[in-house]
Amino acid sequence: MFLYGLTLQRASTITHAVHGNFSGTKQQEIAVARGKLLELLKPDPNTGKVHTLISVEVFGEIRCIMSFRLTGGNKDYVVCGSDSGRICILEYIPNKNKFEKVHLETFGKSGCRRIVPGQYLAIDPKGRAVMIGAVEKQKLVYILNRDSQARLTISSPLEAHKSNTLVYHMVGMDVGFENPMFACLELDYEEADTDPTGETIQTTQQTLTFYELDLGLNHVVRKYSEPLDDRANHLICVPGGNDGPGGVLVCAENYVTYKNFGDQPDIRMPIPRRRNDLDDPERGMIIVCSATHKTKSMFFFLIQTEQGDIFKMNLETDEDMVTEIRLKYFDTVPVACAMCVLRTGFLFVNAEYGNHCLYQIAHLGDDDDETEFSSAMPLEEGDTFFYAPRPLRNLVLVDELDSLSPIMACQISDLANEDTPQMYVTCGRGPRSSFRVLRHGLEVSEMAVSELPGNPNAVWTVKTSDDEEYDSYIIVSFVNATLVLSIGETVEEVTDSGFLGTTPTLSCSLLGENALVQVYPDGIRHIRADKRVNEWKTPGKKTIFKCAVNQRQVVIALSGGELVYFEMDPSGQLNEYTERKEMNSEVVCMDLGKVPPTEQRTRFLAVGLADNTVRIISLDPQDCLQPLSMQALPATPESVAIIEIGGGEDETGAQRASGGFMLNIGLQNGVLLRTALDSVTGDLSDTRTRYLGTRPVKLFKVLMQGSDAVLGMSSRTWLSYQYQNRFHLTPLSYDSLEFASGFASEQCPEGIVAISTNTLRILALEKLGTVFNQVSTSLQYTPRRFAVHAESNHVVIIETDHNTYTDETKERRKQQMAEEMIEAAGEDEKELAAEMTAAFLRENLPEDKFGSPKAGPGMWASQIRLLNPVSGDTLDKACLNQNEAAVSICMCKFANHGEQTFILVGVACDLQLNPRQPKGGGEIHTYSINNEGTKIELLHKTMVDEVPSAICAFQGRVLIGVGKLIRVYDLGKKKLLRKCENKHIPNYIVSIHSIGHRILVCDVQESVHWVRYRRHENQLVVFADDTYPRWVTCATILDWNTVALADKFGNIAILRLPSDTNDDVQDDPSGTKALWSRGILNGAMQKGDLLCSYHVGETILSLQKTTLIPGGSESLVYTTLSGGIGMLVPFTSHEDHDFFQHLEMHMRNENPPLLGRDHLAYRSFYFPIKNVIDGDLCELFNSMDYSKQKSVAEELDRIPAEVSKKLEDIRTRYAF
């Protein structure tokens, strides 16, 4: 078996984010790391939407990123620490839209190791040096400078190692132009390591250590080290030099402390707590991330606690001595991994889980009534300040980036009866979690919908002059009239536009600088800027059948297949070309390309004829109206469109290079053909086909991101466009449309105006490049698993959260606190206390915004939710008691109960996580569900002594994994009845699957075991297992002998039992069997063979064998913890496999990964890669330079177009 690995949706979690001027313009961008992806995001200062400029797969783990700028430079560089054992400095080149390696310096082994640097990065704020550190021992400092050509240079590494030392955080200190300094949080564990009693570890103190890089002597010294009283986790650099006092803020549990050299005393500030918080009062509070904003005159910090509350922190100074820290509650946002404050007044919050947010900072919170806390206020040790959280006041949410991270469970099926399967995923954590339905398609924003007096048949937009940015008129054509609407603040009908309103319109356009042309069945109307009108009437009884217009040319086809060509002369007059061209069959459709910027005319006219051909006709004065080339088609053409690939403007406003012309042909049988059109000879080559729908395909040209794109309308509307150097053909998730045109106005610079029955709609496509559009339903706790009720297509979800109260306990705890408040009040304060407690009991902060209270370890809350996935309605809910955690679910039918469906839920009672033990044992709850799937009812509970971690229906009974025991149960009246068990699974059962009489049991640590149920002896017998330990997270059966597994380290393995495997083995009850037949290494006697192995690089939590498109072939789809979705597809022929194997080999040499990780080593991180080809690497072929593409294609005896066609074909055969 040979497989091809493809990513359908890249990871959506963000682990690190930094901002800077990476493109060298005034605008700031945000560089983000998503595990193995590096992306550059650009918030648009006008609309507040976040656009992705570039997304690069680095085939390695990005462990940290920072931005820096050389002194006096105007451009920021990105420096990355990864698992490649190298430090990499990247520069973003806007006109090529790519990251280029400036430096790649090797310093250690690859992989994420304890003592190889790469985990932490710290930058000198003046950009003179960078420190890269490991978790333990090693730290290296590189000096950054520039040479005589102003290119960035990097020195050899200088060591700052210290053995037996763990590092928690490091940061570059702002010392102006003194010698660069770095501050590190360290812990020396040498004494604790040698102490056998284990007491020293309690007294070991963390230290704050300062390292100085002496630029004169070119080495690093440990300048100073001081022990810290509290365990700290985060350092913040304070602006220094001429901008501020310098030094660092040390964020520890419950305290923030300012420290600096010299006479500066420590300033200690307690972290404020929420008033009347339901949290465990003994629990400490830490700062999870921070952002610094600095202008010429002031600076402030935003710090975020682990509850999501942001505080604004200012330092009060007196002649460069800090005298106090001032803190003020700012707002509450989702808990973040990083925050970036941009100069345009935006705050980017990359959430730990769930959607990432971009906020506009509306107020700095200086003059509101929020209390300001100061370190100068007297407080007892251990006391703190209190504040009341409230809805957003200083921040305004302007954009959200969808994130599926973490995808906990996924099922792909067509529950909504739409022909195309949908993906149902449960994702998120805690109160911000959701159940989402993913459909392949672009999300469409409806800007406006207005009804029209009748059913129109066409719509166009035109500008009144060439230098206008936005469109002036919308022209709507009906069967016997034309309506002209002017675009302003509102859209209104006008009558003085010069257009003929008593006739239908075939086409209209801006002609030349400022004239308009209208083509209607009886002639052509040329409207000058001063409203003078020139008419050309059709000869005799002929009418205009089809036409094509652009800014300087008009071509019309009269009935009978006669072509008439007009061109505009320098005086702005339309002149007819002397000859006419007779086509040998009726003209069905025609199109002209755009006039190139430096030329008088476009050279090519595409004409589709009723004899199933498309012809390219020259419009050059030398051979005007002469046919150049022809393509025969499998069906009659419906429409044609010539577009330019590439072109448009890039980020800096410079002109992008054109990638040539593409002829799009829509056929009447619903197929779209895309053919390359040679810009010199007019030859047609390299045709790609794609089935769009059941209706004839109509094509319309629109603009997307400054480049040409095509809307193809069949039973669904599709958009074909270039995005980040890659071609996309994606359906729109919207009603079917009939006719469309590009639309540009102030509110919607790149929109579409379209008609559907009798409505005119203005649409915008904002999320280009996305694969799925999402419909989301909020959940209360983290969803763990879900099952589908086959009769009603409803889903049952189990939601479980650790460290959480159930609603009932929360109410009880509130009442208890209210009583304590009243008791604590004095005699004269009773009334006030009663008012306060009433207000406290009334207030109900939404938990999806403010987080849920933390109840403490060992506290669990769970519920079972019955949901209609199409409408998102919750039909029924069953809440479990406090400290009952639902861990597994299964829908079963029992042989002795006919067709009735039951839901079995495995529950752990009083589960302690580390070390894992259920103090109250476990229970299996049996629920019945009615046939309509609208109500669930508890029948009974069955006590077991371990966690019922996996449940699977099996031959009219049920298999349950209880801890490490596998048991068969049947349904009784008062509880489930145990029928049989096997004790030979080593550790803990993760999942169970069955096929026929074979059962696959996955162990948490020891891979998979094949078990056979022997009905006559009532025995479960393990007859085969795996030779490798694998920490399995999920598995799926591919066929009778084959299983696909995924483990928690991000590997996928496919195992197959040899064909001579005998599953009819017996456990020897007497124990007299010879030793040699006992099996290998205490395992089973037979072993599965490894067919394929592949390292994805993200923990995989679901696997499913399914088809993603109607009529497509089966593939193995996986989803990951980081929100990524990918697939492995089988090769159908040896030639294909051979071709892609060679392509992958050449790509490894020609296009090595960006951060210096070896691609083969990365895909073989834990186990050597076997029989899987990396499609993500192969697809990078399309974004390489043309010269490199050519050399790789020549090695494969192909041309570049054939290689990209192969890449597109294998993708569209299985997915999108």
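**Sheet, strand and salt-bridge features of the predicted model**

Four strands form an open antiparallel sheet in the order 71-72-75-76. Strands here are DSSP runs (E, at least two residues), and helices are DSSP runs (H or I, at least four), both numbered from the N terminus. Two strands pair if DSSP finds at least two bridges between them. Strand 71 (884-893) and strand 76 stand at the edges. Each has a single partner strand, so one side of each lacks a neighbour in the sheet. From one strand to the next, the twist averages 20°. Such angles run from 0 to 180 degrees between N-to-C directions, with axes fitted as lines to C-alpha atoms (for helices over the stretch in contact). Strand 75 and strand 76 run antiparallel and are joined by eight bridges. Within this pair, threonine 926 stands opposite histidine 940 in strand 76.

The model is predicted: local features need pLDDT of at least 70, side-chain atom pairs count only at pLDDT 80 or more, and totals for chains, interfaces and linings use all residues. Residues are numbered from 1 along each chain as its sequence is written, and side-chain values use heavy atoms, with hydrogens and water left out.

Strand 3 (residues 29-33) was examined next. Five of its five residues are buried, so strand 3 is largely enclosed by the rest of the structure. Buried means under 20% relative accessible area, exposed over 50%, and partly exposed in between (1.4 Å probe, protein chains only). In a regular strand the side chains alternate between the two faces of the sheet. Glu29, Ala31 and Ala33 point one way from strand 3. Ile30 and Val32 point the other way. Strand 3 has antiparallel partners in strand 2 (residues 16-20), through five bridges, and in strand 4 (residues 37-43), through four bridges. Glycine 20 has glutamate 29 of strand 3 as its bridge partner. Isoleucine 30 stands opposite leucine 41 in strand 4. Three residues separate strand 3 from strand 4 in a hairpin. Glycine 35, in the turn, has a positive phi of about 75°.

A salt bridge is a side-chain nitrogen of Lys or Arg within 4 Å of a carboxyl oxygen of Asp or Glu.

Arginine 222 forms a salt bridge with glutamate 186, with the closest N and O atoms 3.3 Å apart. Arginine 222 lies in strand 18 (residues 219-227) and glutamate 186 in strand 16 (residues 181-188), so the pair links distant parts of the chain, 36 residues apart. Arginine 222 is partly exposed, at 37% relative accessible area. Glutamate 186 is buried, at 1%.

Aspartate 876 forms a salt bridge with lysine 935, and the closest N and O atoms are 3.9 Å apart. Aspartate 876 lies in strand 70 (residues 874-879). Lysine 935 lies in the loop between strand 75 (922-929) and strand 76 (936-944). The pair therefore ties together parts that are 59 residues apart in sequence. Aspartate 876 is buried, with a relative accessible area of 14%.

The side chains of arginine 1012 and aspartate 1064 meet in a salt bridge of 3.8 Å, N to O. Arginine 1012 lies in strand 83 (residues 1008-1014), and aspartate 1064 in the loop between strand 87 (1051-1056) and strand 88 (1086-1087). Parts 52 residues apart in sequence are thus tied together by the pair. Arginine 1012 is buried at 17% relative accessibility, whereas aspartate 1064 is partly exposed at 44%. Both belong to a network of salt bridges that links Arg998, Arg1012, Arg1014, Glu1017, Asp1063 and Asp1064.

Threonine 759 is buried, at 9% relative accessibility. Its side chain reaches the backbone oxygen of serine 756 at 2.8 Å. A further polar contact, of 3.0 Å, joins the side chains of threonine 759 and arginine 761.

Methods
Polar contact = N/O pair within 3.5 Å; in protein donor to acceptor, adjacent residues only side chain to side chain.
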